[in-house]
Amino acid sequence: ATGMRKRRGSGKRGSLPLGAPRQTAQLQELAQQHQHQQEELKAELRKCTERIGQLQEQNQSLQRQCDSWFSQLQRLQESNKSKREEIKGVLNTLKEELTCPICLELFSPGTVTFQSCGHSLCRPCLSSLKTPNCPTCRTPFPTSIPQSAMPSTHPSSCTLPTCVDRLLELDRALYDLLMGPPSSPSSNTS
């Protein structure tokens, strides 16, 4: 029995129990798997970091492009605004020239009269004046020419119907430019 004790007790102190080599191998295998997984994760992290850098560069490039487009849009809007203001000014001047200063209506063909001072009146307003003075500049009308004999046609360079039609056309175009063209009923039903 003492011989058996020796066998059992004959080992080095601190030696592993009988199942220990197997557990050690498993631990080493797990450590290797863990190390391999860490390396894979590090490689994946490097790929993600590179991709993030690429996306940031693309984002910056897109932002610069958007900024450029926005600047162009602002310049176009400012240009359109000044053009609209210019068109408004021309239309207002044209309206003033083609409007009777008394009744404030646009002249219609055959009703306009031109005075020696350069101002125009519609025939009904001219005949209703109490004094023979231009209502715009107060210049007296010539007394030697009766009001009925005053010229009733435009200078040959302009015809009233054409001017009034063009004014209304420009006015509609300006409205469409400012407000957008009106939608037609047929385009709304799809």
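Arg138 counts as exposed, because its relative accessibility is 59%, where exposed means over 50% relative accessible area, buried means under 20%, and partly exposed lies in between (1.4 Å probe, protein chains only). The place of Arg138 is in the loop between α3 (123–128) and α4 (160–179). The model is a predicted one, in which local features need pLDDT of at least 70 and side-chain atom pairs count only at pLDDT 80 or more, whereas totals for chains, interfaces and linings use all residues. Residues are numbered from 1 along each chain as its sequence is written, and side-chain values use heavy atoms, with hydrogens and water left out.

The backbone of Arg138 also deserves attention. Its phi is positive, about 65°, although Arg138 is not a glycine. Most residues other than glycine have a negative phi. Leu104 is another non-glycine residue with a positive phi, in this case near 60°. Leu104 is found in the loop between α2 and β1, and it counts as exposed because its relative accessibility is 61%.

The overall plan can now be considered. The protein contains 5 helices and 2 strands; helices (H or I, at least four residues) and strands (E, at least two) are DSSP runs, numbered from the N terminus. Read from the N terminus on, the order of elements is α-α-β-β-α-α-α. Of the 190 residues in the protein, 13% are buried. The protein exposes about 15,500 Å², and carbon and sulfur atoms supply 55% of this area; the area comes from the Shrake-Rupley method with a 1.4 Å probe, and for residues only the protein chains shown count as cover. A contact means heavy atoms within 4.5 Å. Among contacts between residues at least 6 apart in sequence, 41% join residues at least 24 apart.

How confident is the predictor? The mean pLDDT of the protein is 75, and 66% of its residues reach 70 or more; pLDDT is the predictor's confidence in each residue, from 0 to 100. Over residues 1–11 the pLDDT is below 50, and beyond near neighbours in sequence this stretch has 1 contact in the model. Over residues 185–190 the pLDDT is likewise below 50, and that stretch also has 1 contact beyond near neighbours in sequence.

The loop that holds Leu104 also holds Thr99, placed between α2 (20–97) and β1 (112–114). Is Thr99 buried or exposed? Thr99 counts as buried, because its relative accessibility is 18%. Residues up to four places away in sequence aside, Thr99 touches Leu104, Glu105, Leu106 and Phe107. The side chain of Thr99 also reaches the backbone oxygen of Lys95 at 2.3 Å. This is a polar contact, a pair of N or O atoms within 3.5 Å; within protein, one must be able to donate a hydrogen and the other to accept it, and residues adjacent in sequence count only if both atoms are side-chain atoms.

A search of the whole structure finds 1 salt bridge, which is defined as a side-chain nitrogen of Lys or Arg within 4 Å of a carboxyl oxygen of Asp or Glu. The partners are Lys88 and Glu85, with a distance of 3.7 Å from N to O. Both residues lie in helix α2, 3 residues apart, about one turn of the helix. Lys88 counts as partly exposed because its relative accessibility is 30%, and Glu85 is partly exposed, with a relative accessible area of 44%.

The cysteines complete the tour. The structure holds 0 disulfides, a disulfide being a pair of cysteine sulfur atoms within 2.5 Å. For Cys100, the closest cysteine sulfur is in Cys122 at 3.6 Å, which is too far for a bond. For Cys125, the closest cysteine sulfur is again in Cys122, at 3.3 Å, and this too is too far for a bond. Cys100 is buried, with a relative accessible area of 0%, and Cys125 is buried at 9%.

Cys134 is found in the loop between α3 and α4, the loop in which Arg138 also has its place. In contrast to the exposed Arg138, Cys134 is buried, with a relative accessible area of 0%. Leaving aside neighbours within four places in sequence, Cys134 is in contact with Cys117, His119, Thr139 and Phe141. Cys134 and Pro101 are 33 residues apart in sequence and 9.7 Å apart in space, C-alpha to C-alpha.
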